[in-house]
Amino acid sequence: MAMINSVLGPLDTSDIGTTLLHEHILSSSTAIPQNYPEVLDTGYMRMIVRKLKEAKAGGIDTVVDATTLDLGRDVNVLAEASRKSGVNIICCTGWWTEKPRFLSGISIDRLAKGFIREIREGIAGTDIKAGILKGASDKAGVQPEEEKVLRAVARAHHETGVPIMVHSYSPGQVGGRQIAILKEEGVPLNRVKIDHSNDTTDLEYLFWMLEQGCYLGMDRYPGEGASPLARTRTLKALIDAGYKDKLGVSHDWSLARYVASDSIIGSSSKRKKINPYDYLYIKKVVFPMLREMGVPDKVIDKILVDTPRKFFEGV
Ligand SMILES: [Zn+2]
């Protein structure tokens with residue numbers, strides 16, 4: 001067992017239960033929920049709580065919220081959502097891919113200090129602490145500011161022992177460079193999860209990352225590009241190869257979100273059509289597919305329990 005930070009205080013890893021390792025409760029842009037709440041649908045909290053309660057009733061105990069500051073993180077929203085729904089929420093520190101000017105000037109160690117304080121003391125004047133670190137790069141590969149963030153995340157990991165999730169672009173094998181940077185910083189790779197790894201079906205690349213010791217976030221469901229079936233076939237191939245305890249299965253699904261082109265769409269009919277089950281899509285759609293493919297129940301029943309616990313415990 002180990003103690004980790006949830007938005008409502010310390011949580012024992014033996015109590016986290018069925019856990020989704022990469023989701024978003026509310027995502028928008030930097031400081032939007034706090035400064036311009038009127039751009040968000042007024043009913044967003046009610047909707048979030050309803051959907052989290054449905055997830056809880058369907059057996060989801062804990063959700064890791066991968067929403068960094070630049071994705072509009074609001075820890076007070078997360079705490080209220082957790083309190084009202086009974087779902088444990090673990091929030092993150094670090095950065096996604098939006099780069100304000102200060103990131104090009106700041107030193108790595110100074111940036112790391114902020115991440116460390118968010119883990120040890122609290123976020124934005126609250127005593128709500130981060131339980132996971134996050135770095136990110138996408139199609140363009142690891143940009144200079146993103147490398148700085150990733151190194152700061154690595155140094156904050158050394159100080160705090162908190163594990164690292166890495167937003168990656170698997171069709172471009174961007175994980176290779178991200179892993180190299182983390183290795184240079186001396187991070188043990190069993191504390192690292194390379195996310196969005198099921199955006200590719202390239203097993204050779206995925207096996208290479210697993211051989212490095214990383215966890216893989218098989219965390220886009222239903223996802224875009226690769227179909228849910230293709231994603232599940234890839235998942236099965238990795239399970240069959242003996243990696244069931246290294247695969248973080250999740251949705252990367254925002255219950256509510258606001259982006260410029262697309263106001264709150266958590267309840268829109270288009271979105272409902274893509275995923276009518278929110279955080280229960282994996283249980284309702286993916287698990288039956290795995291069963292049909294011949295994956296034993298004892299593996300399926302444990303995959304959302306054992307991997308998250310081991311990832312947080314550093315096994
Ligand atoms: Zn995400």
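Modeller: Take Asp278, which counts as buried because its relative accessibility is 8%. Buried means under 20% relative accessible area, exposed means over 50%, and partly exposed is in between, with a 1.4 Å probe and protein chains only. This is a predicted model, where local features need pLDDT of at least 70 and side-chain atom pairs count only at pLDDT 80 or more, while totals for chains, interfaces and linings use all residues. Residues are numbered from 1 along each chain as its sequence is written, and side-chain values use heavy atoms, with hydrogens and water left out.

Asp278 is not a glycine, yet its phi is positive, at about 50°. Its place is the loop between α10 (269–274) and α11 (281–292). Helices (H or I, at least four residues) and strands (E, at least two) are DSSP runs, numbered from the N terminus.

Gln173 is partly exposed, because its relative accessible area is 39%. A further backbone feature is the cis peptide bond from Tyr221 to Pro222, with omega about 0°. Pro222 sits in the loop between β10 (215–218) and α9 (228–240).

Now a helix residue. Ala154 belongs to α6 (residues 144–160). Ala154 counts as buried because its relative accessibility is 0%. Leaving out residues up to four places away in sequence, Ala154 touches Ile164, Leu182, Glu185 and Val187; contact means heavy atoms within 4.5 Å. From Ala154 to Gly9 the C-alpha distance is 24 Å, with 145 residues of sequence separation.

In β2, Gly9 stands opposite Ser6. Strands β1 (residues 3–6) and β2 (residues 9–12) pair in the antiparallel sense over 4 bridges; pairing requires at least two DSSP bridges between two strands. The two form a hairpin, with 2 residues between them.

Last, the whole chain. It has 13 helices and 12 strands. Buried residues make up 57% of its 315 residues. Of the contacts between residues at least 6 apart in sequence, 76% join residues at least 24 apart. The C-alpha trace spans about 50 × 45 × 40 Å along its principal axes. A compact globule of 315 residues would have a radius of gyration near 20 Å, so the 18 Å of this chain agrees. That radius is taken over C-alpha atoms, and the globule rule is 2.2 Å times the number of residues to the power 0.38.
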